[in-house]
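Q: I've got this model open and would like a close look at one part of it. Could you walk me through that part and then work outwards?

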Amino acid sequence: MQYDIKLLSPPDIDRFIELLHLFEEVFDLEKAPIPPKKHLLRVMESPGFFSMVAISDHKVIGGLTAYTFEQYHSTQPIAYIYDLAVLASYQRKGVGKSLIKIFNDHCKSLGYQEVFVQADKDEPDAVEFYRHTPITEEEDVAHFYYRL
C-alpha cells in the first residue's frame with residue numbers, strides 16, 4: 001500500500017478539516033460542528049501546534065495532532081500527541097507507526113526532549129498499538145479533569 005505523510009501548514013486547511021472528519025469517524029464521535037476556518041487557521045498558525053496526515057489516493061487515511069509544552073526545568077520542549085487515528089480499513093498496515101516515527105523524527109530535528117501520548121485504559125486496542133511502537137517507557141497514571 002502506498003501513502004505519503006505530510007506535515008500540514010495553514011495552506012493545507014482543507015486537509016486539516018478532512019483529518020477532523022476522520023477523527024469523528026474513527027473515534028465514533030457525535031457530529032459536532034467544525035469550528036470556522038478562521039479559528040482553525042489560528043490554531044494551525046500557532047507555533048506550538050502540529051498536524052500531520054497520511055494520504056493515499058488523494059484521501060486522508062490517518063493523521064495526528066500534537067501540542068508543544070515549554071518546560072521550566074529544561075530548555076528543550078516536549079510534544080504531546082493529542083489525537084492519532086487511522087481509518088479502519090487502513091489499520092494494522094503500518095500507517096500509525098509511520099506517523100509516530102516521522103513525527104518523532106521531526107521533533108528530534110527541532111531539538112525536542114521527548115514526545116508523549118496517552119491512551120485510555122478502556123481502549124485496549126489503542127494501548128496495545130502504542131505498546132508495539134518503540135516506546136521508551138510506559139506509565140500508569142490517572143487523569144483528573146476540571147470542566148469549566
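Which residues form a nonpolar patch on the surface, and what is their accessible area together?

A: Bear in mind that this is a predicted model. The nonpolar patch on the surface is made up of Tyr67, Phe69, Tyr82 and Phe116, and together they have about 390 Å² of accessible area. Tyr82 sits in strand 4, which covers residues 78-86, and its relative accessible area of 48% makes it partly exposed.

Now look at Thr68, which belongs to strand 3 (residues 59-69). Its relative accessibility is 18%, and because the cut-off for buried is under 20%, Thr68 counts as buried. The Thr68 side chain has a polar contact of 2.7 Å with the side chain of Tyr112. Leaving out residues up to four places away in sequence, Thr68 touches Pro47, Gly48, Phe50, Pro77, Ile78 and Tyr112.

Next, the charged pairs, with 7 salt bridges in the count. One of them joins Asp14 and Lys37, with the closest N and O atoms 3.0 Å apart. Asp14 is in helix 1 and Lys37 in helix 2, so this pair ties together parts 23 residues apart in sequence. Lys37 is partly exposed, at 41% relative accessibility.

Another salt bridge links Asp140 with Lys121, and here the closest N and O atoms are 2.2 Å apart. Asp140 lies in the segment after helix 4 and Lys121 in the loop between strand 5 (114-117) and helix 4, so the pair ties together parts 19 residues apart in sequence. Asp140 is exposed at 61% relative accessibility, and Lys121 is exposed at 60%.

Arg131 and Glu138 meet in a salt bridge too, at 2.7 Å from N to O. Shared partners bring Glu128, Arg131 and Glu138 into one salt-bridge network.

Last stop: His143, found in the segment after helix 4 (124-131). His143 is partly exposed at 43% relative accessibility, and a 2.9 Å polar contact joins its side chain to that of Gln118.

Technical notes: Residues numbered from 1 in each chain as written. Predicted model: local features only at pLDDT ≥ 70, side-chain atom pairs only at ≥ 80, totals over all residues. Heavy atoms only, no water. Helix = DSSP H or I, 4+ residues; strand = E, 2+ residues; numbered from the N terminus. Buried < 20%, exposed > 50% of the residue type's maximum accessible area, 1.4 Å probe, protein only. Polar contact = N/O pair within 3.5 Å; in protein donor to acceptor, adjacent residues only side chain to side chain. Contact = heavy atoms within 4.5 Å. Patch = residues over 30% accessible without salt bridge, like charges linked within 9 Å, V, L, I, M, F, W, Y side chains within 5 Å. Areas by Shrake-Rupley, 256 points an atom, 1.4 Å probe, with all protein chains shown as cover. Salt bridge = Lys/Arg side-chain N within 4 Å of Asp/Glu carboxyl O.
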